[in-house]
Amino acid sequence: MSSGRLTSRTFLKSADHGQRFDWDEFVDRVCDRADVEESDAVFYAQAIVALVGDLVPRSELDDVHNSLPDEEFDNLFGLVGEEETFERGSERRERTN
């Protein structure tokens with residue numbers, strides 16, 4: 001019954017669990033999955049965390065932040081609460097299209 005699409009259910013069944021890796025490995029994994037350069041991968045990861053930050057209570061986001069292995073991951077939370085960053089990106093895309 002598979003339509004060939006990846007769904008969240010598929011990901012949850014096939015995702016690797018319990019792995020520990022550093023910031024560089026995290027960014028490399030985002031690069032590989034999104035097929036983008038490192039700077040774009042960092043931005044995409046930050047954008048996802050910022051979106052999650054808009055949707056969940058701050059205390060839950062803080063729990064995630066505090067559970068990460070080291071300070072390198074602080075960069076991941078760099079866009080939380082920075083809506084103007086996304087507005088500028090949207091304006092830039094509109095001008096180029």
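## A side chain and a backbone oxygen

A polar atom in the side chain of Gln-46 lies 2.8 Å from the backbone oxygen of Asn-75. A polar contact is a pair of N or O atoms within 3.5 Å; within protein, one must be able to donate a hydrogen and the other to accept it, and residues adjacent in sequence count only if both atoms are side-chain atoms. The model is predicted: local features need pLDDT of at least 70, side-chain atom pairs count only at pLDDT 80 or more, and totals for chains, interfaces and linings use all residues. Residues are numbered from 1 along each chain as its sequence is written, and side-chain values use heavy atoms, with hydrogens and water left out.

Gln-46 belongs to helix H3 and counts as buried because its relative accessibility is 10% (buried means under 20% relative accessible area, exposed over 50%, partly exposed in between, with a 1.4 Å probe and protein chains only). Leaving out residues up to four places away in sequence, Gln-46 touches Asn-75, Leu-76, Gly-78 and Leu-79, where contact means heavy atoms within 4.5 Å.

## The chain as a whole

The protein chain has five helices and zero strands, and its elements run α-α-α-α-α from the N terminus on. Helices (H or I, at least four residues) and strands (E, at least two) are DSSP runs, numbered from the N terminus. Of the 97 residues in the chain, 22% are buried. Among contacts with a separation of 6 or more, 51% join residues 24 or more positions apart.

Helix H2 covers residues 23–34, and Phe-26 is found in it. The end C-alpha atoms of H2 are 16 Å apart, which agrees with the 16 Å that its twelve residues should span at 1.5 Å a residue; the expected span is 1.5 Å times one less than the number of residues. At the N-terminal end, Asp-22 caps H2, with a side-chain oxygen 3.3 Å from the backbone nitrogen of Asp-24.

The buried residues of H2 are Trp-23, Val-27, Val-30 and Cys-31. They cover an arc of only 100° around the axis, which puts them on the same side of H2; the arc is that of the directions from the helix axis to the C-beta atoms. Asp-32 and Arg-33 are exposed on the other side of H2. H3 is included in what covers the buried residues of H2.

## The nonpolar core

A nonpolar core is a set of buried Ala, Val, Leu, Ile, Met, Phe, Trp, Tyr and Cys residues joined through side-chain atoms within 4.5 Å. The largest one has 14 residues, of which Trp-23, Val-27, Ala-41, Val-49, Leu-76 and Phe-77 touch the most other members. H2 and H3 each supply at least two residues of this core.

Beyond its neighbours within four places in sequence, Val-27 is in contact with Glu-38, Ala-41 and Val-42. With residues up to four places away likewise set aside, Phe-26 touches Phe-21, Ala-45, Phe-73 and Leu-76.

## Two exposed loop residues

Asp-35 lies in the loop between H2 and helix H3 (38–55). Asp-35 counts as exposed because its relative accessibility is 70%. Although Asp-35 is not a glycine, its phi is positive, at about 55°.

Glu-71 is placed in the loop between helix H4 (58–67) and helix H5 (83–96). Glu-71 is exposed, with a relative accessible area of 67%. The C-alpha atoms of Glu-71 and Trp-23 are separated by 9.2 Å, and these residues are 48 residues apart along the chain.
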